[in-house]
Number of protein chains: 2
Amino acid sequence: MAVYTEVSDDDLTAFVAGYDIGAPRSCKGIAEGVENSNFLLTTETGSFILTLYEKRVNTDDLPFFLGLLAHLADKDVPCPTPLANATNEILGRLSDRPAAIVSFLDGMWPRRPTPEHCAELGRAIAHMHLAGADFEMSRANNLSVGQWRGLLDQSRDRSDEVKPGLAAFLDEELSALEADWPAAGGLPSGVIHGDLFPDNVFFQDGKLSGLIDFYFACNDFFVYDLAICLNAWCFEPDGSFNITKARRMLTAYNKVRDFSTDELAALPLMARGVSMRFLLTRLYDWLNTPKDALVTPKNPLEYYEKLRFHQGVDGPGAYGLEATP
Amino acid sequence: MAVYTEVSDDDLTAFVAGYDIGAPRSCKGIAEGVENSNFLLTTETGSFILTLYEKRVNTDDLPFFLGLLAHLADKDVPCPTPLANATNEILGRLSDRPAAIVSFLDGMWPRRPTPEHCAELGRAIAHMHLAGADFEMSRANNLSVGQWRGLLDQSRDRSDEVKPGLAAFLDEELSALEADWPAAGGLPSGVIHGDLFPDNVFFQDGKLSGLIDFYFACNDFFVYDLAICLNAWCFEPDGSFNITKARRMLTAYNKVRDFSTDELAALPLMARGVSMRFLLTRLYDWLNTPKDALVTPKNPLEYYEKLRFHQGVDGPGAYGLEATP
């Protein structure tokens, strides 16, 4: 939730004039995305999202993110489409920041995901994974196994403040993950979203209508994306795992893109890995956010509990799938 | 800038079903207003603003605020129009808070007000003052002369931290204001907006298209409203007073609603008074906002400088008007 940068009406009018979308009618800062300044822009021709990229996004990555959106939208993935301006560029500059205008997507994100939402999501992820296959750019995952030790090093000394024994637990689990993690290309790979939490997925009349916030997109194992969704969509508020939601998500995915046997076998390990990834970034934020800040950091222990669940899983059956699909 | 309350998609759908505006298509928290949670709601039939009233607004005042909007909108003042639901109520309840849906207004607020903006504003204020004449409810101004000493008492001990000598200055000026301030009804009075800063006034293609944020509206002297606007619209960023903007605002107002001679003569005193009002509320916020809060409090000394300017004014000529209009 944030609007960091103020945009003047004069600057906005000049910026929008570079696009073939008519004059601006209104522009309101919206509480969507925490990394950038986002505005709901309405013009004579419709509604759009205007994004100003703040310092937490690496400018060098913007051509990848925006190019990916254009590529996926062209293949009917329901994601924001970047608009090209009169000089055919999709990345401009406004209020001294890189800026882009993308299409507006109808829908709302589900506060209480149902098994039907999970099935819709599974189908959409599979379509997205297939649609990204011929995207010619690539971006490394900078929050995967190679970065976790560095992240842990920044929090280890204070992590027992959050839970006694947490440092030792994380060290042991991380060593196991580093030992067992597949090498690059060791599993079917391609462009993944990397952050498909419910607030990044819109639904309209029960149908998935939008995937947004691709600013963690990168190239990695497809099952890494699915493991993120298992964690973000299939646990109930009381911490229990809902195997029905997982089954619906994974079987719907599988109908569009077949799992390999290796992918299925790797699912518990992937789920442990992505639990580690979110546990570590949340732990860092938890320890480094001022106590009276308006933004409350997310509790890292939610992901400790999820990690503990996946450690107890002995095969894809725990996620509602047979070992051989 | 704030969205305080989360609204679930299910709750929203049920709430919107009570209105004749079609099903919701999207609902995004917007950074508009600091007192309440505001959402830009789009439905099958158009765009609306959904407001959830947070604790800083007194629930007992809501019928006045919403009734006033309905009254003014009915008289073509370009303000948000509250929508009535199926049981003909304009105040409902959502996410455990009082909530209302109002019409969406096109336009953007001017970051650099011009003399033309000021003339448009003057006309609109006069229309609003006239339109409010037959509104049957009333609400006392709880930030006028009778409340200023209580406000100062909360900041006096620490006000010299902001500027040496500020406490003594405020005590002396406040005594003078209390001595000279007109009694209730001593000047032409009616419903005023009470907070017409540029971010509460929208323009579209150079024309005023909206007045918003009526949550300081109350009954008081009409010139109190004008004095707020002189301060908020006619000083340049370097602190100088732009007499051209003031003249354009006041003469445009006067063409729609005639000033009395008493009102004109009272303008410098009113301007000192509203400077005191904003100086005191900003001083309180300045001294009581945590240093690392995300919201930066506004500098109270901006209003100290404005107050000093008005102390040096000996008649309405300083605002571009003759003593007898």
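**Values and criteria**

Author: A compact globule of 325 residues would have a radius of gyration near 20 Å, and chain A has 20 Å, so the two agree. The model is a predicted one.

Reader: What makes a residue of chain A count as buried, and what share of the 325 residues is buried?

Author: The criterion is 20 or more other C-beta atoms within 10 Å of the residue's own. By that count, 42% of the 325 residues in chain A are buried. The C-alpha atoms of chain A fill a box of roughly 60 × 45 × 35 Å along the principal axes.

Reader: Why is the relation between chain A and chain B called a two-fold axis?

Author: Chain A is superposed on chain B by a rotation of 180° with 0.0 Å of shift along the axis, at an RMSD of 0.0 Å. In chain A, the C-alpha of A:Ile30 is nearest the axis, at 2.1 Å.

Reader: How do you know which surface the copies meet through?

Author: Of the interface residues of chain A, 100% are also interface residues in chain B, so the copies meet through the same surface. Contact requires C-beta atoms within 7 Å, and 26 residues of chain A are in contact with 26 residues of chain B.

Reader: What supplies the side of chain A that touches chain B?

Author: α1 (9-16) and β1 (24-29) of chain A each give at least two residues. The largest share, six residues, comes from β1(A). That side divides into 12 nonpolar, five polar and nine charged residues.

Definitions and conventions. Residues are numbered from 1 along each chain as its sequence is written. Chains are lettered from A and ligands numbered from 1 in the order in which they are written. This is a predicted model: local features need pLDDT of at least 70, side-chain atom pairs count only at pLDDT 80 or more; totals for chains, interfaces and linings use all residues. Copies are superposed by least squares on the C-alpha atoms of residues with pLDDT of at least 70 in both. Two residues are in contact if their C-beta atoms, placed from the backbone, lie within 7 Å. Helices (H or I, at least four residues) and strands (E, at least two) are DSSP runs, numbered from the N terminus. Ala, Val, Leu, Ile, Met, Phe, Trp, Tyr, Cys and Pro count as nonpolar, Asp, Glu, Lys and Arg as charged, and the others, Gly among them, as polar. The radius of gyration is taken over C-alpha atoms; the globule rule is 2.2 Å times the number of residues to the power 0.38. A residue is buried if 20 or more other C-beta atoms lie within 10 Å of its own, exposed if 12 or fewer, and partly exposed in between; C-beta atoms are placed from the backbone.
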